[in-house]
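Subject: Structure handover

Hi,

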Amino acid sequence: MDQTLVSTSLLLTTLLLLQCTTTTLAQAPAPGPAGPTNVTKILEKAGQFTTLIRLFKITQIGDQINTQLNNSNQGLTIFAPTDNAFASLPAGTLNSLSDQQKVSLIQFHILPTYLTTTQFQTVSNPVRTQAGDSANGAFPLNVTTSGNQVNITTGVNEATVSNTMYTDNQLAVYQVDKVLLPLSIFGTPSPTPAPTSPKATKKKAAAADSPVASPDASDAAGDRRRVHGVVGFGVAVVAMLYHL
């Protein structure tokens, strides 16, 4: 009898424990999918990119990047200047840019392909950016390597990749020590020729219209004067002889 009661109690206890465990497992939420890629959050987590984040928001390029990454398989490479890099620009540089120039400046820091640090060694220059035309005088960007160091030249300034901040086989974000300045915006324009004054133009026209005596014409005029002089002298001699 005692053994039966003990067995029954153990069975009931076991059933209660199984029920509690099943209920707990049913209530536990399933692990959710990984969140969508957000370039702004990546920069915020890294710190020291306040200015770049602000420009991403002003130009709406940050939202465009997130949409592209989460709705396509196309990769991107971003060169991210630090706050110190922006602070080293001449005072008022960013404020002097138009809205479109700010867009082009940020697009100049984005490559429409995913590149690893190893791929920088074999990339073809000039590298095309989201700013567009990579021809000289527009938005050329050249990437070179020296050992493990990656250097970037724009035709206006040079920068160095100082850190790999993020990579997930679709997006790569590299910290750079300077803001990349494109030729199209920051290049020195070719000097324009000084306009010609109206007075100088009139003088040149008058000089071109005025007749210039040729050497032959001058010689002929001299011959005529000499002939006239001889004839006059002869007439005078004849007149003196006549009066005698």
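Below is what was found, from the whole chain down to single residues.

**Ground rules**

This is a predicted model, in which local features need pLDDT of at least 70 and side-chain atom pairs count only at pLDDT 80 or more, while totals for chains, interfaces and linings use all residues. Residues are numbered from 1 along each chain as its sequence is written, and side-chain values use heavy atoms, with hydrogens and water left out.

**Overall**

The chain has 9 helices and 6 strands. These are DSSP runs, numbered from the N terminus: helices are H or I of at least four residues, strands are E of at least two. Of the 244 residues, 32% count as buried. Buried means under 20% relative accessible area, exposed means over 50%, and partly exposed is in between (1.4 Å probe, protein chains only). Take the contacts between residues at least 6 apart in sequence: 62% of them join residues at least 24 apart. Contact means heavy atoms within 4.5 Å.

**The sheet**

The 6 strands form an open sheet in the order S2-S1-S6-S5-S4-S3, and the pairing is mixed. S2 and S3 stand at the edges with a single partner strand each, so one side of each has no neighbour in the sheet. Helix H2 (residues 39–46) packs on the sheet and touches S1, S5 (158–167) and S6 (171–176). The direction of H2 makes about 105 degrees with that of S5. Two strands pair if DSSP finds at least two bridges between them.

Ile 78 has Ile 110 in S2 as its bridge partner.

Asn 142 stands opposite Thr 153 in S4. The S3 and S4 hairpin has 2 residues between the strands, and Gly 147 takes a positive phi near 70 degrees there.

**H3 against H6**

Two packed helices are described by the angle between their axes and the distance between the axes. For H3 (residues 50–59) and H6 (residues 99–107), the angle is about 125 degrees and the axes are 10 Å apart. Axes are lines fitted to C-alpha atoms, for helices over the stretch in contact, and angles run from 0 to 180 degrees between N-to-C directions. H3 and H6 are therefore oblique to each other. The cut-offs: under 35 degrees is roughly parallel, over 145 roughly antiparallel, 65 to 115 roughly perpendicular, and the rest oblique.

Which residues meet? From H3 they are Leu 52, Leu 55, Phe 56 and Thr 59; from H6, Lys 102, Val 103 and Ile 106. The residues of this contact divide into 5 nonpolar, 1 polar and 1 charged. Ala, Val, Leu, Ile, Met, Phe, Trp, Tyr, Cys and Pro count as nonpolar; Asp, Glu, Lys and Arg as charged; the others, Gly among them, as polar.

H6 has buried residues from Lys 102 on: Lys 102, Val 103, Ser 104, Leu 105, Ile 106 and Gln 107. The buried residues of H6 pack against H3, H4 (61–71), S2 and H7 (183–186).

**Buried residues**

- Thr 51 lies in H3 and is buried at 17% relative accessible area. Beyond four places in sequence, Thr 51 touches Asp 83, Phe 86 and Leu 94. Thr 51 and Phe 86 are 35 residues apart along the chain, with C-alpha atoms separated by 7.3 Å.
- Thr 82 sits in the loop between S1 (76–81) and H5 (83–87). Thr 82 is buried at 7%. Leaving aside neighbours within four places, its contacts are Gln 48, Phe 49, Gln 175 and Val 176.
- Leu 115 is in the loop between S2 (110–111) and S3 (142–146). Leu 115 is buried at 10%. Leaving aside neighbours within four places, its contacts are Thr 77, Phe 120, Val 123, Ala 172 and Tyr 174. Leu 115 and Ala 172 are 57 residues apart in sequence and 6.9 Å apart, C-alpha to C-alpha.

**Backbone points to check**

- The peptide bond from Asn 125 to Pro 126 is cis, with omega near -5 degrees. Pro 126 is in the loop between S2 and S3.
- Gln 48, in the loop between H2 and H3, has a positive phi near 60 degrees and is not glycine. Gln 48 is partly exposed at 41%.
- Asn 169, in the loop between S5 and S6, has a positive phi near 75 degrees, again in a residue other than glycine. Asn 169 is exposed at 67%.

Best wishes
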